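User: Hi! Could you walk me through this one while I have it open?
Analyst: Happy to. Here it is.
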Amino acid sequence: PWQNLDNGTIVDMGGGNGQVIIPIARAYPFLKFVVQDLEGASEQGKHTVAEDTQLKDRIDFMAHDFRQEQPVKDADAYLVCQCITNWSDRDLTSIFQQLIPALKPGARLLICDRKWQALGTDSDVDVLEHRRVDMIVLANTNGRVRTLEEILKVLEMADLRFKFKDLHTVKGSPF
């Protein structure tokens, strides 16, 4: 529920060209955003936002590698969307730890990812998709598909102060 963030600031870590944030910013004009990704990843987003009077004062782009300490301090929320699968448990633990110095009391870590169930609980098609994606990310990045319980375990390894608050899904969405 984006409206619960009042006039907050959300940092989209690994946000590319703002493809996730731009539609959210259009729908929630009271929020501000910082989109972070590696140098050069945000050029298209910068161009889109610069030409949009509704967005240009509310979305900033910043070169940042989320494997390094988070430079934006005291934001209301930090978003990681569709990229945790790409990392090993050790690397993902470190990524979450890089956030800790920036977090203010009550800040949220928002994780948007595919809803993976434990194997054996899905249909045959979902099991095949789970295994296909798992093998691809394992081979390419040493990452893996994680269920909610597995994500929570990585957060626990990063810092016991991370607390699970809620799970939100949109009907019909795989995220």
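User: Thanks! Let's begin with Cys83: buried or exposed?
Analyst: Cys83 is buried, with a relative accessible area of 9%. Bear in mind that this is a predicted model.

User: And what about Cys81, buried or exposed?
Analyst: Cys81 counts as buried too, at 12% relative accessibility.

User: How many disulfides do you get?
Analyst: The count is 0 disulfides. For Cys81, the closest cysteine sulfur is that of Cys112, 3.3 Å away, which is too far for a bond, because a disulfide needs the two sulfurs within 2.5 Å. Cys83 is in no disulfide either; its nearest cysteine sulfur belongs to Cys81, 7.3 Å away.

User: OK, switching to the hydrophobic side. Which residues have the most contacts inside the largest nonpolar core?
Analyst: Those are Val11, Met13, Phe66, Tyr78, Ile84, Leu92 and Phe96, in a core of 21 residues. Strand 1 (9-13), strand 4 (77-81), helix 3 and helix 5 each give two or more residues to this core.

User: Which element has the largest share?
Analyst: Helix 5, with 4 residues.

User: Which residues of helix 3 are buried?
Analyst: In helix 3 (residues 89-97), the buried residues are Leu92, Thr93, Ile95 and Phe96. They sit on the same side of helix 3, because they cover an arc of only 160° around the axis.

User: And what covers the buried residues of helix 3?
Analyst: The cover includes strand 5 (108-112) and helix 5 (148-158).

User: New topic: where is Gln36, and what does its side chain make a polar contact with?
Analyst: Gln36 lies in strand 2 (residues 32-37). Its side chain makes a polar contact with the side chain of Gln70, at 2.8 Å.

User: Is Gln36 buried or exposed?
Analyst: Gln36 counts as buried, at 1% relative accessibility.

User: What else is Gln36 in contact with?
Analyst: Setting aside neighbours within four places in sequence, Gln36 is in contact with Val11, Asp12, Met13, Gly14, Gly15, Gly16, Met62, His64, Gln70, Pro71 and Val72. Two of these, Val11 and Met13, are also listed with the most contacts inside the largest nonpolar core.

User: Great, that's what I needed!

Note on methods:
Residues are numbered from 1 along each chain as its sequence is written. This is a predicted model: local features need pLDDT of at least 70, side-chain atom pairs count only at pLDDT 80 or more; totals for chains, interfaces and linings use all residues. Side-chain values use heavy atoms; hydrogens and water are left out. Buried means under 20% relative accessible area, exposed over 50%, partly exposed in between (1.4 Å probe, protein chains only). The arc is that of the directions from the helix axis to the C-beta atoms. Contact means heavy atoms within 4.5 Å. A nonpolar core is a set of buried Ala, Val, Leu, Ile, Met, Phe, Trp, Tyr and Cys residues joined through side-chain atoms within 4.5 Å. A polar contact is a pair of N or O atoms within 3.5 Å; within protein, one must be able to donate a hydrogen and the other to accept it, and residues adjacent in sequence count only if both atoms are side-chain atoms.
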